[in-house]
Each structure stands twice: as C-alpha cells, then as structure tokens.
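Please have the sequence and the structure open as I speak.

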Amino acid sequence: MEQKNISSKEFYELITSANTSEINRISNLFIQRMALYLASVMKANDETAKDCAQQAFEKVYTKIIEGSITEINDIFGYLIRSARNEYLMILRKDKVEVPSEYSYFSGVIGTTGDEIVGSIYSEEREKLLEYCISKLKKGKRTFFLQVLKFINEKDKDVAKKLNMSHGNFRTRKSRVIDALRDCVKNAAKA
C-alpha cells in the first residue's frame with residue numbers, strides 16, 4: 001500500500017480541484033487505511049470495515065464540498081474517528097434483529113421490486129432462497145430484510161431512511177443480491 005502522506009491543506013485543495021483520478025487514488029488509499037484500522041483495532045470483519053470506511057469518506061468528502069468542514073489539522077485522524085463512529089452505529093443497529101417476515105421472497109433475479117417479486121414462482125425456489133438468506137452473515141441478513149421493507153421505493157429514498165449515502169446503499173444492496181444469487185445458483189447445482 002502506498003504510504004504518501006498528504007496534509008489537510010493538500011487534501012482540501014485536492015477535493016476542491018475536481019481532479020477525479022487523483023481524488024479516486026487518494027480516496028482508495030484512505031479507505032483502505034481506515035478499513036485496516038477498523039479490522040485490526042475495532043475487530044470489524046473486512047466487509048463491514050470497508051463499508052464503514054467508504055461511508056465515512058463519503059460523508060467527509062460531502063462536507064468538504066458543501067463547505068461545512070473548512071479547517072481540520074489532521075484530516076486522516078478525522079477520517080479515522082468518522083469511520084470508527086460509523087462502525088459503532090452499525091454495532092448499535094445490529095443489536096435489534098429485523099423480523100424475517102419477508103423471507104418468503106425467492107429468486108433474486110433483478111434489482112427492482114417488480115423484478116424480485118415477479119421472480120417468485122415455486123415453493124422450491126422459496127425454500128432455496130430462505131436457506132440462502134439464513135446463510136447470510138447477520139449484518140447482511142439484517143440489511144437485506146430492511147431493504148425488503150421498502151422494496152417498492154426508490155433506492156435514494158430507502159438510503160435516506162437507513163441513514164446511508166445513496167452510493168453506499170447501492171453498493172451494499174448489490175453485494176447482498178450477488179451473494180444471494182451465488183448461493184441460489186450453487187445450491188441449485190448441488
């Protein structure tokens with residue numbers, strides 16, 4: 001991992017410069033570092049660490065663009081604290097298990113509500129999907145069940161309701177759906 005240090009002033013200038021390739025490079029570097037911190041110090045699993053780091057970076061980035069953060073002496077320290085707070089919020093949310101009243105959905109073939117609901121067509125597929133949902137890690141399962149509550153709403157609106165950025169919501173939703181597709185495909189072959 002590249003170890004170029006960047007001052008807070010350089011970071012602000014970079015964000016406001018709109019140099020997309022350099023912003024992406026630095027953001028990936030910072031997100032990797034924050035995820036490493038969460039995994040090693042906070043004992044977060046890798047996926048949760050990456051999600052929290054991404055969410056924290058997006059929030060700080062947005063605040064800098066909006067001008068609500070103008071002077072922070074240690075930008076990386078601020079990002080680390082933000083990532084830690086994101087992780088702690090997830091831990092607090094995970095203490096409440098969402099009921100699995102929507103576990104009867106089967107065949108996760110699409111990403112919109114109509115595509116998913118339209119793909120329910122057999123008891124066998126329902127049982128297979130229920131099995132795959134039960135095999136998801138608790139955080140992914142909880143997230144998926146929360147998403148199902150708002151299945152007919154726009155992703156952007158659901159993201160706001162779940163206190164997430166739209167980008168982070170889409171990323172997490174995509175990962176869960178991909179995991180379910182893989183599980184259904186592998187279980188169907190067996």
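Predicted model: local features only at pLDDT ≥ 70, side-chain atom pairs only at ≥ 80, totals over all residues.

Let me begin with Met34, which, leaving aside residues up to four places away in sequence, touches Ala53, Phe57, Phe76, Leu79, Ile80 and Ala83, where contact means heavy atoms within 4.5 Å. Residues are numbered from 1 along each chain as its sequence is written, and side-chain values use heavy atoms, with hydrogens and water left out.

Met34 belongs, with Phe11, Ile64 and Ile75, to the residues with the most contacts inside the largest nonpolar core, which has 28 residues. By a nonpolar core I mean a set of buried Ala, Val, Leu, Ile, Met, Phe, Trp, Tyr and Cys residues joined through side-chain atoms within 4.5 Å; buried means under 20% relative accessible area, exposed over 50%, and partly exposed in between, with a 1.4 Å probe and protein chains only. The elements that give two or more residues to this core are α1, α2, α3 and α4 (75–94). A second, separate core has 20 residues, including Phe143, Met164, Phe169 and Val176.

As for the chain itself, it has nine helices and zero strands, helices (H or I, at least four residues) and strands (E, at least two) being DSSP runs numbered from the N terminus. Buried residues account for 41% of its 190 residues, and of the contacts between residues at least 6 apart in sequence, 63% join residues at least 24 apart.

How do α1 and α3 cross? The axes of α1 (residues 8–17) and α3 come within 10 Å and cross at roughly 80 degrees, which means that α1 is roughly perpendicular to α3. Here the axes are lines fitted to C-alpha atoms, for helices over the stretch in contact, with angles running from 0 to 180 degrees between N-to-C directions; under 35 degrees counts as roughly parallel, over 145 as roughly antiparallel, 65 to 115 as roughly perpendicular and the rest as oblique. Phe11, Tyr12 and Ile15 of α1 make the contact with Phe57, Tyr61, Ile64 and Ile65 of α3.

Also in helix α3 is Gln54, which counts as buried at 16% relative accessibility and touches Ile31, Gly167, Asn168 and Thr171, again not counting residues up to four places away in sequence.

Turning to the cysteines, a disulfide, taken as a pair of cysteine sulfur atoms within 2.5 Å, joins Cys132 to Cys183 with an S to S distance of 2.2 Å. Cys132 lies in helix α6 (residues 123–135) and Cys183 in helix α9, so the pair ties together parts that are 51 residues apart in sequence. The torsion about the S-S bond is about -85 degrees, and the disulfide is therefore left-handed. Both Cys132 and Cys183 are buried.

I will finish with the backbone. Most residues other than glycine have a negative phi. Lys43, however, has a positive phi of about 65 degrees; Lys43 sits in the loop between α2 (20–40) and α3 (46–66) and is exposed, with a relative accessible area of 64%. Asn163 likewise has a positive phi, of about 55 degrees; Asn163 is in the loop between α8 (155–161) and α9 (166–189) and is exposed at 55%.
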